[in-house]
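Please look through the structure below with this report at hand.

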Amino acid sequence: MKSRPDQPVTRRAPQSEARYQQCFNPDCQAVYGVDEAMFACPACGDLLDVRYEWDRLEVPPSLAWFEQRWARRDCPLDFSGVWRFRELLPFCEDEHRITVGEGQTILQQNDGVGGYVGSEGGRVYLQYEGLNPSGSFKDNGMTGAFSHAKLVGARHAACASTGNTSASVALYAHSCGMKCTVFIGSGRIAYGKLSQALDFGAHTIQIQGDFDDCMRRVQQVCRERDLYLVNSLNPFRLEGQKTIMYRVLEALRWEVPDWIVVPGGNLGNSSAFGKAFGELKELGLIDRVPRLAVINATGANTLFDLYENQSIRYKDGRVDEAAIDGYYAKLNAEGFRPNTVATAIEISRPVNLKKCLRALSICNGVVREVSDEDILHAKAAVGRYGLGCEPASGASVAGLKLLRQQGVIGADERVVCILTGHQLKDPNVTVRYHSEMEAELSNRPVEVPNEMSAIIEALEA
Ligand code: F0G
């Protein structure tokens, strides 16, 4: 557990570097080099941040400066939707940077989904991260983590996963010649994702337990066996995930939207988005930050409970740890297990909770919970009107619909929903919805005898 040193401990990174890792705990703030691989502060056990002394680094004069990179698509780092913004995540040099062509994702303005949530035309956008090479937003983070792994000379990566992380880790490990082991919980992984991890050659260990159990174990295993941890506890992953927001701004001609709506699981994305906007504001590259809405599934709603019901806040890093520990003790005592159709976010002990609270503070955020049913209907709307997505991504559209109903988000506000994963990640859920649910957008296949007359009849029905 975390301890609180009596005196602030400030250990400077080697040669007082312009880039370093720093403990999140305001009573510790220990500093470490970027060339170290640690996934918790060795002094107090808290989360680590990647920090920059921007005045000692070359920062572009405006966001539009990055447009020159579009003309150099033959250069893999300029092509990458992550590394074309490398001046904003300058923790390593080009020689360490790994890319498989991630981040070629699009921002789709979508009036069909806009109508579904009750917004005016032209105000709702979908940022489709399912277009990444492994089919989810995770590739943005993995390119950061694996570049850091190269910097520190790591040979074997490991993660716990609800599926997408394992697929992405397996792809990157395989493409840069590292070994990888992925830990998954029993029975709660969508087949699209498991099939990818197996196909990419990941050593796959299924633990009898859920994601939270896997997360605890993988940290122990990484400490004991000196493996390189690639879950979002790894702060270099979050550096990569900041770029999702840079691409949103890029697609809006560098205008800041009113809201970003994102599903919340382990809370890596929301944490990274808050850091991205905080840094851009600090650098004077934007003049305001958007508001942030993080959406939990009702069956895995720790953040919603703590933020909205118990009013737990960031408070400059002095988060009420006793209240959080008490909350988890209660979950343990009740034998609570998270449960949602959106298995990607079936997580009750989100490791980035405190960083997400910081993001909510930077972006004047709100948190909501949405039912499985609402997630499925919203997912069907994205399928019918947009590019399709997996269930967890549907949570962001369901969350926007709820926030519109509550009047928290106005009909004329410009909103970006993050679609975190591809439509084909979890086909079972989609087929079940369309075959078994009676809903406005459900689309049941029609079964007929193998006879021409019956076929024609079905065709004309
Ligand atoms: N959406 C999808 C499709 C995901 O796979 C995940 C997380 C999330 C949302 C939640 O994102 O953790 O940044 O809040 N999936 C992880 C995994 C946990 O193992 O694949 P977050």
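The model described here is a predicted one. On its other pairing, strand β1, which covers residues 19-23, is joined to β2 by three bridges, again with the strands running antiparallel; here Q21 is found opposite Y32 of β2.

Taken together, these strands make up an open sheet of three, ordered β2-β1-β3 and paired in the antiparallel sense. Its edges are formed by β2 (31-33) and β3 (48-52), each of which pairs on one side only, and from one strand to the next the twist averages 35°. Although β3 is an edge strand, four of its five residues are buried, so the strand is largely enclosed by the rest of the structure.

P90 belongs to the loop that runs between α1 (76-79) and β4 (106-109). Its relative accessibility is 9%, and because the cut-off for a buried residue is under 20%, P90 counts as buried. The C-alpha atom of P90 is separated by 19 Å from that of E250, a residue 160 positions apart from it along the chain.

E239 sits in helix α7, which spans residues 235-241, and with a relative accessibility of 1% it also counts as buried. When residues up to four places away in sequence are not counted, E239 is in contact with V50, Y52, L88, L89, F91 and K275.

## The four-stranded parallel sheet

A further open sheet has four strands in the order β8-β7-β6-β9, and their pairing is parallel. The strands at its edges are β8 and β9, each with a single partner strand, so one side of each is left without a neighbour in the sheet. Within the sheet, β6 (residues 156-161) and β7 run parallel and are joined by six bridges, and C159 has V182 in β7 as its bridge partner.

Helices accompany these strands. Helix α6 lies across β6, β7, β8 and β9, and runs at about 160° to β6. In helix α5, which covers residues 191-199, the buried residues are G192, K193, L194, Q196 and A197, and what covers them includes α4 (164-175) together with the strands β7 (179-185) and β8 (203-207). After α5 comes G201, a residue whose phi is positive, near 90°.

## The packing of α10 against α12

Two packed helices are described by the angle between their axes and the distance between the axes. For helix α10 (residues 302-309) and helix α12 (residues 353-362), the angle is about 50° and the axes are 12 Å apart; the two helices are therefore oblique to each other. The crossing in which α10 passes α12 is right-handed.

On the side of α10 the contact is made by L303, L306 and Y307, while α12 contributes L353, C356, L357 and L360. Sorted by class, this contact of α10 with α12 has seven nonpolar residues, with no polar and no charged ones.

Most residues other than glycine have a negative phi, and most peptide bonds are trans. D226 is located in the loop between α6 (211-225) and β9 (228-229), and its relative accessible area of 71% makes it exposed.

K315 is another residue other than glycine with a positive phi, in this case near 50°. K315 lies in the loop between α10 and α11 (321-333), where it is exposed, with a relative accessible area of 57%.

Definitions and conventions:
Residues are numbered from 1 along each chain as its sequence is written. This is a predicted model: local features need pLDDT of at least 70, side-chain atom pairs count only at pLDDT 80 or more; totals for chains, interfaces and linings use all residues. Side-chain values use heavy atoms; hydrogens and water are left out. Two strands pair if DSSP finds at least two bridges between them. Axes are lines fitted to C-alpha atoms, for helices over the stretch in contact, and angles run from 0 to 180 degrees between N-to-C directions. Buried means under 20% relative accessible area, exposed over 50%, partly exposed in between (1.4 Å probe, protein chains only). Contact means heavy atoms within 4.5 Å. Angles under 35 degrees count as roughly parallel, over 145 as roughly antiparallel, 65 to 115 as roughly perpendicular and the rest as oblique. A crossing is left-handed if the near helix is turned anticlockwise from the far one by less than a right angle, and right-handed if clockwise. Ala, Val, Leu, Ile, Met, Phe, Trp, Tyr, Cys and Pro count as nonpolar, Asp, Glu, Lys and Arg as charged, and the others, Gly among them, as polar.
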